[in-house]
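Subject: Structure handover

Hello,

Here is the structure for your set. My notes on it follow below.

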Amino acid sequence: MKILLTGASGFLGRNFLSLAPGAWSITALYRNDASFPGFVSALGRPNVTAVRCDLMSAEDVRALAASHGAQWDCSVFLAAKVDIPWSVRDPAGDLLNNVTPVLNLFGAIRAERLIYFSSGAVYDGLCGEVHPGANLRPTLPYAISKQACERYVEFFQKRRQSIGNYLIVRFFGAYGPYEAQHKIYTRLIRAFVVEKRNSYKLYGDGRNLIDAMYVDDAVDALCRMIAGANWNDTLNLAGGNPVTIETLVRETAMAIGVGPITVEREGVAHESNQFWGSTCEMESLYGFKPKVGLAEGMRRFRDFALRNWPEGWGAG
């Protein structure tokens, strides 16, 4: 299978490249992460080829199609600008950075199958368990741009026919090796393992819900979707164990052997999520349920950090 992977130098992309079946021929696109070619070389996987391409540039994308082909068995679209505070400050920039790559890529290539990673953020403003059929009315700029991308995926399939079949995956997040340095799970590892602190400062009241999974489970789910028979659908990919941010902090400290901690609070959070994603669709269609619980996942992440800090693990 010939796969075009966008956002390959990011957190989920790196883990996917490490774990994907060797029989898949993967062209891994990256934008400006100078460490990425070395990362791919160190994997020692001849089925993976790193290719620099700025999806914000229509010229770059046309050059990609000319040099590597305009026909693909499957495209896995992970590329995104995920920065909630920045999206609030610069909604126009957020829209351009998330929508333009979709328009450029599928204006130049054809994918028989597309798996587009959207975000659980599209449920912004809702409460309780949310399902793909929910009536969406987000007001968070990042969520608005991801919802727009979902509609453009349908446009390219139905109107332009540059996408044969698609899956829209509303991803609720993952954590583990190569996670961006500013993400909450990495910040917890830094605070408790690297800096050996026994306190943590939250931004906001700590009541936001989070429902991420360990990244190995996310890659397992993605591989099942690529190889599956269910298409032209929208799905949630969530951990199935939503907790508040404060609970996450305390449970992480306990899991990795930190003594009693103090949780401090300041400011107002940019999000106030009181929803969690349904998991029944992934279980019924793909037999998928996350296997790694939070305590085990954070211990694995801690061990990775101890082997790799402070050099880090790529852009982030």
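Please keep in mind that this is a predicted model. The side chain of R300 meets that of D216 in a salt bridge, with N and O 3.8 Å apart. Because D216 sits in helix α8 and R300 in helix α11 (residues 294-308), the pair ties together parts that are 84 residues apart in sequence. D216 is partly exposed as well, at 30% relative accessible area.

In total the structure holds 15 salt bridges. Another of them joins D54 and R31, whose closest N and O atoms are 3.2 Å apart. This pair also links distant parts of the chain: D54 is in the loop between β3 (48-52) and α3 (58-68), R31 is in the loop between β2 (25-30) and α2 (36-43), and the two are 23 residues apart. The partners fall into separate burial classes. D54 has a relative accessibility of 17%, and the cut-off for buried is under 20%, so D54 counts as buried. R31, at 38%, counts as partly exposed.

R302 and D303 form a salt bridge through their side chains, at 3.1 Å from N to O. D303 is partly exposed, with 33% relative accessibility. There is also a network: E150, R151, E154 and R170 are joined by salt bridges that share partners.

Next, the backbone. Most residues other than glycine have a negative phi. Y178 is not a glycine, yet its phi is positive, at about 75 degrees. Y178 lies in the loop between β8 (174-175) and α7 (184-194), and its relative accessibility of 19% makes it buried. N232, also not a glycine, has a positive phi of about 55 degrees. N232 belongs to the loop between α8 (215-227) and β12 (233-237) and is partly exposed at 35%.

Helix α1 (residues 11-19) is mostly covered, with 7 of its 9 residues buried. Among the buried residues of α1 are R14 and N15, along with F11, L12 and F16.

Regards

Technical notes:
Residues are numbered from 1 along each chain as its sequence is written. This is a predicted model: local features need pLDDT of at least 70, side-chain atom pairs count only at pLDDT 80 or more; totals for chains, interfaces and linings use all residues. Side-chain values use heavy atoms; hydrogens and water are left out. Helices (H or I, at least four residues) and strands (E, at least two) are DSSP runs, numbered from the N terminus. Buried means under 20% relative accessible area, exposed over 50%, partly exposed in between (1.4 Å probe, protein chains only). A salt bridge is a side-chain nitrogen of Lys or Arg within 4 Å of a carboxyl oxygen of Asp or Glu.
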